[in-house]
Amino acid sequence: MRKGSDLTGLPVVAFDTGEQFEKVIDIVFDRQANNVLALLTDESGWFSNANVIPLRDVKSIGPDAIIVASKEVEIPASQMPEVAEAIEQNTSLKGLTIMTTDGRNLGKINDVYFDEQTGKVEGYEVSGGIFADAYSGRSFVPAYQTL
């Protein structure tokens with residue numbers, strides 16, 4: 001299980017050349033499927049499309065780098081409609097209120113934990129606020145218990 005924020009800033013290294021060619025800016029998340037789809041490596045601008053590395057093309061996620069087969073796995077987000085849609089919606093999980101299926105407010109999402117092989121979200125790091133965090137720390141909430 002990986003923590004989403006641990007990936008941001010990591011260099012992406014091509015296995016075939018050993019060259020670092022990008023850094024992870026963010027993870028692209030499909031809220032409907034509760035799944036991590038890709039790693040955002042280049043944000044779109046006035047004249048460019050966002051570039052991503054589909055999670056299926058990631059060979060290894062280590063503490064110091066992400067390994068992919070080659071530079072060719074980085075593609076424009078427009079080549080994956082579900083990724084392009086998630087980027088266009090520009091919705092971040094961070095700060096969203098999380099509730100149990102029986103209607104209890106657990107706090108606000110601070111981070112996401114996911115399976116690095118499948119991309120399936122396993123749970124969330126939840127903050128109950130500054131005082132709650134200082135007193136008891138942040139909580140881990142399994143994804144199947146949330147709304």
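**Notes on the predicted model: cores, sheet and hairpin**

1. Starting with the packing: the largest nonpolar core in this predicted model has 27 residues. The residues with the most contacts inside this core are L7, L39, I53, V58, I66, V68 and Y124. Strands β2 (11–14), β4, β5, β7 (58–61), β8 (66–68), β11 (105–114) and β12 (121–127) each put in at least two residues. There's also a second, separate core, with eleven residues, L40, A77, V83 and A86 among them. As background, nonpolar side chains tend to be buried together in soluble globular proteins.

2. Setting aside neighbours within four places in sequence, V58 is in contact with L39, I53, I66, I67 and V68.

3. Next, the sheet. Four strands make an open sheet in the order β4-β5-β6-β9, and the pairing is antiparallel. The edges are β4 (26–30) and β9 (75–76), each of which pairs on one side only. Strand β6 (residues 51–54) is joined to β9 by two bridges, and V52 has I75 as its bridge partner in β9.

4. T41 deserves a click. This residue sits in strand β5 (residues 35–42), and with a relative accessibility of 3% T41 counts as buried, because the cut-off for that label is under 20%. What does the side chain of T41 make a polar contact with? The partner is the side chain of E74, at 2.5 Å. Again leaving out neighbours within four places in sequence, the residues in contact with T41 are V12, E22, K23, I25, N51, V52, I53 and E74.

5. Over to β11 and β12. These two strands form a hairpin with six residues between them, and their antiparallel pairing runs over six bridges. Within the pair, I109 stands opposite V126 of β12.

6. How many of the seven residues of β12 are buried? Six are, so by the under 20% cut-off the strand is mostly covered. Besides pairing with β11, β12 runs antiparallel to strand β13 (residues 139–142), with four bridges joining the two. One spot to look at there is G123, whose bridge partner in β13 is P142. β12 is also one of the strands that supply at least two residues of the 27-residue core.

Conventions
Residues numbered from 1 in each chain as written. Predicted model: local features only at pLDDT ≥ 70, side-chain atom pairs only at ≥ 80, totals over all residues. Heavy atoms only, no water. Pairing = 2+ DSSP bridges. Buried < 20%, exposed > 50% of the residue type's maximum accessible area, 1.4 Å probe, protein only. Polar contact = N/O pair within 3.5 Å; in protein donor to acceptor, adjacent residues only side chain to side chain. Contact = heavy atoms within 4.5 Å. Core = buried A, V, L, I, M, F, W, Y, C linked by side-chain atoms within 4.5 Å.
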